[in-house]
Amino acid sequence: MERPELTLQLTIDCADPQRLVPFWMDALRYVPDPPPAGHATWRAYWEAIGVPEDELGGDAGELPESIVDPKGVGPRVWFQRVPEPKTVKNRVHLDLKVGGGREVPLALRRERVDGEVARLTALGATVLYTMDEPNGMDYYAVVLQDPEGNEFCLV
């Protein structure tokens, strides 16, 4: 049996996609996912293919709710509106690798991570804590939350 092509989409449940889309576009250096050709919005596309109104609700698809890597390397990210609030720590989170890896001197990695922390906190992120191993472990990371409280790391 032939296997279908596999693609990956990361879905983030949230209360307000329009609050998270701009943050994560900047954080990941992504762009809005354009609707299929011939459709002004994703909603117009969904309506054209027969998605029932009760599945769409409100203003779904009128503004960008998904973002893509302009280089085509990273996964598509969809911000799915859900009614329930976030209540516990994420079991899956994103690591944004901005430091350059262990082959880069720790001082330079720390500088890169801290620079990105400053940029993302200016966009609405909150610092939770720093993971700094002074015992010669040569590790540095900062754990943050996006504007809706989803944890992610800068390493």
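This is a short tour of the protein, stop by stop.

**Before you start**

The model is predicted: local features need pLDDT of at least 70, side-chain atom pairs count only at pLDDT 80 or more, and totals for chains, interfaces and linings use all residues. Residues are numbered from 1 along each chain as its sequence is written, and side-chain values use heavy atoms, with hydrogens and water left out.

**Stop 1: the whole chain**

Select everything and show the cartoon. Helices are DSSP runs of H or I with at least four residues, and strands are runs of E with at least two, numbered from the N terminus. Follow the chain and read off β-α-β-α-α-β-β-β-α-β-β-β. The C-alpha atoms fill a box of roughly 60 × 40 × 30 Å along the principal axes.

Now colour by burial. Of the 155 residues, 33% are buried. Buried means under 20% relative accessible area, exposed means over 50%, and partly exposed lies in between (1.4 Å probe, protein chains only).

**Stop 2**

Next come the salt bridges, eight in count. A salt bridge here is a side-chain nitrogen of Lys or Arg within 4 Å of a carboxyl oxygen of Asp or Glu.

Select Arg29 and Glu116. Their closest N and O atoms are 3.7 Å apart. Arg29 sits in the loop between helix 1 (17–28) and strand 2 (31–32), while Glu116 is in helix 4 (residues 106–122), 87 residues apart. Is each one buried or exposed? Arg29 is exposed, at 53% relative accessible area. Glu116 is buried, at 8%.

**Stop 3: Asp33 and Arg76**

Select Asp33 and Arg76. This salt bridge has its closest N and O atoms 2.6 Å apart. Asp33 lies in the loop between strand 2 and helix 2 (42–48) and Arg76 in strand 4 (residues 76–81), so the pair ties together parts 43 residues apart in sequence. Asp33 is buried, at 13%. Arg76 is partly exposed, at 22%.

**Stop 4: Arg109 and Asp138**

Arg109 is buried, at 7%. Asp138 is partly exposed, at 27%.

**Last stop: a network**

Select Arg29, Glu116 and Arg119 together. Salt bridges with shared partners join these residues into one network.
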